[in-house]
Amino acid sequence: MTRVSIDYDLMYVLARQIWHLRDEMDIPAGVKHSFEAGDIGPRQETAEELANFSTAWKKAFTEGWQVMTDLGNLLDEIGKAFYDSDAQTAAGAASMAAAYQRQNVKAANDAYKQRQDAMYKRAEAANLERRHRPGQLYLERQHQELEKKRAALQKEQDAQAKRQEDLTKQQEELQKRQEPLRQRQDELTQRQQELWRRQKAERAELEAGFTAKQEALDKERAALTAGREPSREQMDELQRKQQDLWEEQDAAQKALEGKQAKEQNDLNLELDSLRKEQDAFTPEWDELDKKQHDLWKDQAATEEAQKQLDKDEEPLRQRAEDMQKAYVAEQEELAKKPAWTPESGEPNPLHMNRELGPDGPAETPPPAVPTTYERDDDNGHTKIEYKLNANGEIEVDKNGNPVETTTTITNKNGLSYTETYRSLPREGDSVTTTQGSDGKVTKVYMDAHPEEAGSGEAMRYVTDGNGAALQTWRKTPDGEWTLAWDRSSDPEGEESAANGVGRPPAYLTVEKPLVDSSGRPADDSFSPPMAIEQPNGTIRTDYMRQDGSELRVVTTETARFVADETNEIQEVWYKNRNGTWYLKDSLTQLTRYGDEPPLGRLGGS
């Protein structure tokens, strides 16, 4: 039991003594004067230990019954609040115990069904395998014969691979022996290239020298004939110089050609000598080439034999594939089929499995999963009920947890506390409705991922039974909960609540919105839409039922308004930062004051 600054156990004992004293003083009828130990919550030890105070209090309060009435009523109110606190803790513990019991029973039922299903499935699978086994054995024998031939062929291929390996080694060895000749070949080739470059340079140099002499002689002739007629002797001298130049050039060219021819001839002799040495290896290469061609012929013959073997195997492989496909298809059909039950009307698959007996091993099934949980103890009665589906089973969410759980705790004096927990469609969202011992109803909405909050934040909204906001709590990313708004401490609490302060968003409170997140009607009773683009860039889409009722949806860049045929707005949707839409306000959350709609009207007709 929770302890605060006041010892409530003692206060309740005092309250009980006060009521007894009033009874002794002939207090007017109709006023409660019975206050049992159970009124103070689960523990009754404190009241029993202080029972001896009764005589003293009877003597002390011989007068002033009204004062004691007020005190008794006050303590009664405090007692109920404290009882509700104790009962809330007990409800949580009872829910855990009930969940544990339900999970254990469900696990036992699931395990039993799995064992039964597995037994029948194994039997059916064994029967299926038994039907296909003869054909599989025949094909296996045929396949073994082919494998023997393939093994012999593989042995031949391995021998040919060894021959190729030896031949490759001989070729590499011969090539290694020729390596010096190849290097000399590269060297001579390089020397030939260098010789051609040098000879070309020598010819260019010789030609450039004689070109310069010819140009000098041409200048001399031009100077001699410039503006006058040269003499016979001068012309003969020029002719002699020209002739000498030609003879000198011809002699120099012949000398250069002879020198270069000798250089090329010497290099050719070395090349011829190298070719002779290389030709000496030709017989060995010819022998290796012959071995290589013989090996290729043998390998080609082996490949042909392999192709023929593959050709012979193809019909066998096709038959095996067809049989396997049929077998797999039947296995898949068997896997999709529910496990056998006596109600199916089919033969019991276990009848062909003698090792399991005619009906299989006997096992007593566990009890059904309970849909309620009840417990009596010294403090009263605890009952837990789950929301059931159309089949009478506990309705669960996608995680397998009950969608709605109601826990009621009643003590022996008749005080009752009820708590209903219901999960909401969005992950982590829920609403908890409590009814205290005084009949007061409170709802707590948990918003695990608020649409308008940052990452890691959460909101908790507290309302009364009619949905009027009482408190708002906010959880920061570090996990701390802080009171964001309290109606009782707000100077304008009533007005603030009327204006929507502290009210949970509609996506928590409205079970069936008029439209879905795409803006289309949630049911299919409306005709195809008629979209009209407005001048301001908004889109208006009208939907109509056969009875003439309309649904008008106006979408802007950031908001969506859903109205009826009178243009009275029924729902307001907002677009989140990630582009998704969420229901912010609904007419069902609000109270109408006067003729003006709480959410307003659409503009235009």
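These questions and answers cover aromatic pairs and ring–charge contacts in a predicted model.

Trainee: How many aromatic pairs does a search of the whole structure find?
Mentor: Rings pair if their centres lie within 6.5 Å. Searched over the whole structure, the count of aromatic pairs is 3.

Trainee: Y120 and W340 form an aromatic pair; is it stacked, tilted or edge-to-face?
Mentor: Their centres are 5.0 Å apart, with 55 degrees between the planes. Stacked needs under 30 degrees and edge-to-face over 60. The Y120–W340 pair is therefore tilted.

Trainee: How many residues apart are Y120 and W340?
Mentor: Y120 is in helix α4, residues 65–177. W340 is in the loop between α7 and β1. The pair links distant parts of the chain, and the separation is 220 residues.

Trainee: Is W340 buried or exposed?
Mentor: Buried means under 20% relative accessible area. W340 has 10% relative accessibility, so W340 counts as buried.

Trainee: What parts does the Y507–Y582 pair tie together?
Mentor: This pair is edge-to-face, at 5.8 Å centre to centre and 85 degrees between the planes. Y507 and Y582 are 75 residues apart in sequence. The parts tied together are helix α9 and strand β15.

Trainee: Which ring does the charged end of R102 sit over?
Mentor: A charge sits over a ring within 6 Å of its centre and within 35 degrees of the ring normal. For R102 the distance is 5.4 Å, and the ring belongs to Y386.

Methods:
Residues are numbered from 1 along each chain as its sequence is written. This is a predicted model: local features need pLDDT of at least 70, side-chain atom pairs count only at pLDDT 80 or more; totals for chains, interfaces and linings use all residues. Side-chain values use heavy atoms; hydrogens and water are left out. Rings of Phe, Tyr and Trp (its six-membered ring) pair if their centres lie within 6.5 Å; planes under 30 degrees apart count as stacked, over 60 as edge-to-face and the rest as tilted. Helices (H or I, at least four residues) and strands (E, at least two) are DSSP runs, numbered from the N terminus. Buried means under 20% relative accessible area, exposed over 50%, partly exposed in between (1.4 Å probe, protein chains only).
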